[in-house]
Amino acid sequence: MNRIDWIVLKRIMSRVMLSITLFFGLIALVESIDQWRFNYLSSVGGVQLALLGIVVSAATWLLKALPVVVLVGAVVGVVDLQSRRELTAVKAAGASMWHILRAPALALLALGFAVTLVIEDWVIITNRGIEATLPGDTSGLSSNGGLWLEQYANGLRYVLQAEHVVNHGKELQQVSIYLPDGIKQGRIVAPVARLVDDAWFMPKATRYLAGPPPQQLENYAIPTATTAADLAIKITNTDDMTFYELGESALGNVSDPILRAAVTTRFLRLLALPGLLVGALFIAFAFTGGYRRTNGYGVPIIYAILTGFVVFVITEMADRAGSAGVLSPTFAACGPAFVAVIIGLTVLLYKEDGWA
C-alpha cells in the first residue's frame, strides 16, 4: 500500500467507524429506556450485567442495519475527501477510481468477515446468556407458552402439543397428541415424550376415547418424520443461531424443506455480508465521488442514502422470501449484495468513462 491508499483508507474507515459508533450510541440510548429490564439485570448480576445487556441489545440491532450504517459513513468520508480537494489531487496524480477504492474495499471485506465469523457469534451467545436470566418460561415457543407440531409419518398425520421443551427439543413434557379421527382414535396424553429412532417414545401414556374409559399405554411409540435437527431449529429462531450452528444445521439432517430454506438463507446471507458492505462503498463513491466545482453535495448524498435504503429493503424482502422457500436461498441471500455491487459499478463506469 502506498501513501494514497493510506490517506483514502484512513479517511473512509475513520468516518465509517464514527458512523457505527454514533448509531450504536443512539440504539443503546433507546435500549436504556427499558428500566424494568435494566433493574432486573442489576438485581441479578449488578450494574455490569445490566450495562452488558444494553450493549448486546444495541449491537444486535446495529448488525442488522450495518450495510446502511457503512454506506452513511462512506458517504461522509468521500464528501470529506472532496471538501479538502484530496480526491481531486489524487486523481490528478494519475490514480484511477479503482485504485482509490482498493484499500477501503479490502478493509470492508475484512470487517464483514470479522462480523460474520466472530462478532455476530459473540453477540448471539452473550445475548442467550442474558436472556436466560430473565424471568418467564423460555421453554415454550408459541404465544401461549407451548409447542405445536404438525407431524407426518408413514401415511399418518397428527398434531403434537407440548407444554415444555427440554434437552434441545429431544424431550417434550406434558404432551398431547391429537389423532386424525378423534372419535375412533381419540387423544393420547403423556407426561414425557422423547425423540428416539424416528418416533416419539412415551414410557407412560393414556389414550382417551369417546365413551370407553381411559386406556393406559406402556412404552408407546408413534412414528414421526421430524428429526433432531428440525426440532433444534423449530425451538429457536435462525436470527438467534450463530454462523457455525447455521452451517452445522445446513449440513445436518433437516427434513423440513421450509426449515432448510430458512437456515440456508440465513447462513448464506452472513457469508454475503462482506460483499454487501463493499457494494455500499461502491454506491457511496458512485454518487459522491465525482468532481464538482462547489461543495454542494446535498442531492448526491440523498441519492446515495436512498439507494442504500432501497438495497436494505430488497435485502429484507429477499431474506423473508428465501426463508419461506419462495425464492432460492442462494438468490435471496447473495442477490442483494450482487445488486449493490452492480449499481455502484454501473454508475462508476458511467461517470469514469466521461458520460456524466
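**Helix α9 and its two helical neighbours**

In this predicted model, helices α8 and α9 run roughly antiparallel to each other, because their axes cross at roughly 170°, an angle over the 145 degrees that sets the limit for this description. Helix α8 comprises residues 257-288, and its axis comes within 10 Å of that of α9. On the α8 side the contact is made by Ile258, Ala261, Ala262, Thr265, Arg269, Leu276, Ile283, Phe287 and Thr288, while the residues supplied by α9 include Pro300, Tyr303, Thr307, Val311, Glu316 and Asp319. The contact of α8 with α9 divides into eleven nonpolar, six polar and three charged residues.

The crossing of α3 with α9 is right-handed. Here Val68, Leu71, Val75 and Val79 of α3 meet Ile301, Ala304, Ile305, Gly308, Phe309 and Phe312 of α9, and the residues of this contact comprise nine nonpolar, one polar and no charged.

Regarding α9 itself, its 26 residues should span 38 Å at 1.5 Å a residue, and the distance of 37 Å between its end C-alpha atoms therefore agrees with that expectation. Several residues of α9 are buried, among them Ala304, Thr307, Gly308, Val311 and Asp319; of these, Ala304 and Gly308 take part in the contact with α3, whereas Thr307, Val311 and Asp319 belong to the contact with α8, as does Ala304. Just after α9, glycine 325 adopts a positive phi of about 80°.

How values were computed. Residues numbered from 1 in each chain as written. Predicted model: local features only at pLDDT ≥ 70, side-chain atom pairs only at ≥ 80, totals over all residues. Heavy atoms only, no water. Left-handed = near helix turned anticlockwise from the far one by under 90°. Helix = DSSP H or I, 4+ residues; strand = E, 2+ residues; numbered from the N terminus. Contact = heavy atoms within 4.5 Å. Nonpolar A, V, L, I, M, F, W, Y, C, P; charged D, E, K, R; others polar. Axes fitted to C-alpha atoms, helices over the stretch in contact; angles between N-to-C directions. Parallel < 35°, antiparallel > 145°, perpendicular 65-115°, else oblique. Expected span 1.5 Å × (residues − 1). Buried < 20%, exposed > 50% of the residue type's maximum accessible area, 1.4 Å probe, protein only.
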